[in-house]
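Open the model in your viewer and keep the selection panel at hand. The tour goes from the whole chain to single residues.

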Amino acid sequence: NPEEAFAASLASCHMLTFLAIASMKKYMVASYEDNAVAILGKNEKLKVAVTTVYLRPNIIFKGENIPEKTTIDEMHHRAHQECFISNSVLTEIIVEPVY
């Protein structure tokens, strides 16, 4: 359905941005999975809209250079700030990493 496709596009943008950041920091990602969920509601104009998207990335790193939780959180924050799709929508996007 359309709201799932919308959530998937936000999740993909976040993932690709996160992976680019991880690569620049020399972290090796073994797997990246996200269980993105879109919530329908009414916007400020009382129109049906995707009001919130929850991104729940679960990332497994490999190798000797494994980032700490605080570093992973910082990387998610930066990925959210730099994702062009999240910068293009009014929807609230909440990133809830799975640890």
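What percentage of the 99 residues of the protein chain count as buried? The value is 29%, where buried means under 20% relative accessible area, exposed over 50%, and partly exposed in between (1.4 Å probe, protein chains only). This is a predicted model: local features need pLDDT of at least 70, side-chain atom pairs count only at pLDDT 80 or more, and totals for chains, interfaces and linings use all residues. Residues are numbered from 1 along each chain as its sequence is written, and side-chain values use heavy atoms, with hydrogens and water left out.

**Whole chain**

Colour by secondary structure. Two helices and five strands make up the protein chain, in the order α-β-β-β-β-α-β from the N terminus. Helices (H or I, at least four residues) and strands (E, at least two) are DSSP runs, numbered from the N terminus. Switch to the C-alpha trace: along its principal axes it spans about 50 × 20 × 20 Å. Of the contacts (heavy atoms within 4.5 Å) between residues at least 6 apart in sequence, 66% join residues at least 24 apart.

**His14**

Select His14, in helix H1 (residues 2–24). Its relative accessible area is 1%, so His14 is buried. Now show its contacts beyond four places in sequence. They are Tyr32, Leu55, His76, Ala79, His80, Cys83 and Val95.

**Salt bridges**

Next, look for salt bridges: a side-chain nitrogen of Lys or Arg within 4 Å of a carboxyl oxygen of Asp or Glu. There are three by this rule.

Start with Glu96 and Arg56. Their closest N and O atoms are 2.8 Å apart. Glu96 lies in the segment after strand E5 (92–95) and Arg56 in the loop between strand E3 (48–55) and strand E4 (57–62), so the pair ties together parts that are 40 residues apart in sequence. Glu96 is partly exposed at 31% relative accessible area. Arg56 is partly exposed too, at 27%.

Move to helix H2 (residues 69–82) and pick Asp73 and Lys69. Their side chains form a salt bridge at 3.4 Å, N to O. The two are four residues apart in the helix, so about one helical turn separates them. Asp73 has 29% relative accessible area and Lys69 48%; Asp73 is partly exposed, and so is Lys69.

Stay in helix H2 for Glu82 and Arg78, again four residues apart and separated by about one helical turn. Glu82 is partly exposed at 44%, and Arg78 is partly exposed at 31%.
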